[in-house]
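Biologist: I am new to this one. Please show it to me, and then I will ask my questions.

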Amino acid sequence: MNAPVAAVLRRVNRTLLGLAGLLLVVAGGAVLAAALDLAVPSWWPWSGPDDVLLTAARRQRWRDEGWWWPTVIAVLGVVVLLALWWLLAQFRRGRLAEVLVDTGDGDAAVLRGRALEGVLEADATAQEGVAQARVALTGRRTAPRTRIALLLEPYASPGQALAGLGGEALDRARTSAGLAELPTEARLRAVKHRARRVN
């Protein structure tokens with residue numbers, strides 16, 4: 001899953017969860033207010049503990065209409081399909097399983113994504129001042145992208161770590177995989193350490 005799609009999915013998740021939460025709070029508040037026999041505005045759907053959500057007349061109002069049941073089934077079907085799409089979108093693979101490598105003779109070889117991630121992690125960790133590196137390969141098989149998280153030692157220079165990453169590790173990975181480019185998002189974080197006491 002590339003970064004723009006992931007950002008849109010996060011936004012949709014937050015919006016849908018917010019709307020569902022707001023709807024549940026409003027409905028729950030209305031039912032609670034009616035159950036406690038509190039003074040409610042005239043437009044409030046329930047005015048007392050004996051009120052029902054839907055009266056018999058409202059429930060049976062459209063039953064004899066020919067369009068009613070097909071409409072209800074179609075709306076419920078769309079709701080179910082949207083809920084299934086949303087559920088399946090949560091489990092989409094965030095990592096790229098394989099990369100297509102152009103062999104130069106018209107064919108293509110397949111490089112396992114985990115193998116490329118492992119090499120990049122090893123190269124990044126081998127740099128001076130890098131305590132740990134984590135690499136995730138995303139994008140498409142023909143146009144991969146990388147997300148790299150570097151955990152830096154307290155004495156490390158972020159500029160040198162990025163220069164080493166771009167100048168050595170990423171260049172080597174791009175060249176070995178036969179890629180014209182390998183866009184990368186790097187995140188840097190420092191190792192937590194105790195403050196030293198100076199006497």
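**Salt bridges, core and surface**

Modeller: Arginine 172 is partly exposed, with a relative accessible area of 46%. Buried means under 20% relative accessible area, exposed over 50%, and partly exposed in between, with a 1.4 Å probe and protein chains only. This is a predicted model, where local features need pLDDT of at least 70, side-chain atom pairs count only at pLDDT 80 or more, and totals for chains, interfaces and linings use all residues. Residues are numbered from 1 along each chain as its sequence is written, and side-chain values use heavy atoms, with hydrogens and water left out.

Biologist: With which residue does arginine 172 form a salt bridge?

Modeller: A salt bridge is a side-chain nitrogen of Lys or Arg within 4 Å of a carboxyl oxygen of Asp or Glu. For arginine 172, the closest N and O atoms of the pair are 3.1 Å apart, and the partner is aspartate 123. The pair links distant parts of the chain, 49 residues apart: arginine 172 sits in helix H5, aspartate 123 in helix H4.

Biologist: Is aspartate 123 buried or exposed?

Modeller: The cut-off for buried is under 20% relative accessible area. Aspartate 123 has 18% relative accessibility, so it counts as buried.

Biologist: How far apart are the closest N and O atoms of glutamate 117 and arginine 114?

Modeller: Both residues lie in helix H4, 3 residues apart, about one turn of the helix. Glutamate 117 is buried, at 4% relative accessibility. The two form a salt bridge, and their closest N and O atoms are apart by 3.9 Å.

Biologist: How many salt bridges does the whole structure hold?

Modeller: One of them joins arginine 174 to aspartate 171, with the closest N and O atoms 3.2 Å apart. Those two are 3 residues apart in helix H5, about one helical turn. A search of the whole structure gives a count of 4.

Biologist: What does asparagine 13 touch, leaving out residues up to four places away in sequence?

Modeller: Asparagine 13 is in helix H1 (residues 3-35). At 14% relative accessibility, asparagine 13 is buried. Contact means heavy atoms within 4.5 Å. Beyond those sequence neighbours, asparagine 13 touches Trp86 and Gln90.

Biologist: What kind of aromatic pair do tryptophan 67 and tryptophan 68 form?

Modeller: Rings of Phe, Tyr and Trp (its six-membered ring) pair if their centres lie within 6.5 Å; planes under 30 degrees apart count as stacked, over 60 as edge-to-face and the rest as tilted. The structure holds 1 aromatic pair. Its centres are 6.0 Å apart, with 80 degrees between the planes, and the pair is edge-to-face.

Biologist: Is leucine 81 buried or exposed?

Modeller: Leucine 81 is placed in helix H3 (residues 68-90). Its relative accessible area is 60%, so leucine 81 is exposed.

Conventions:
Helices (H or I, at least four residues) and strands (E, at least two) are DSSP runs, numbered from the N terminus.
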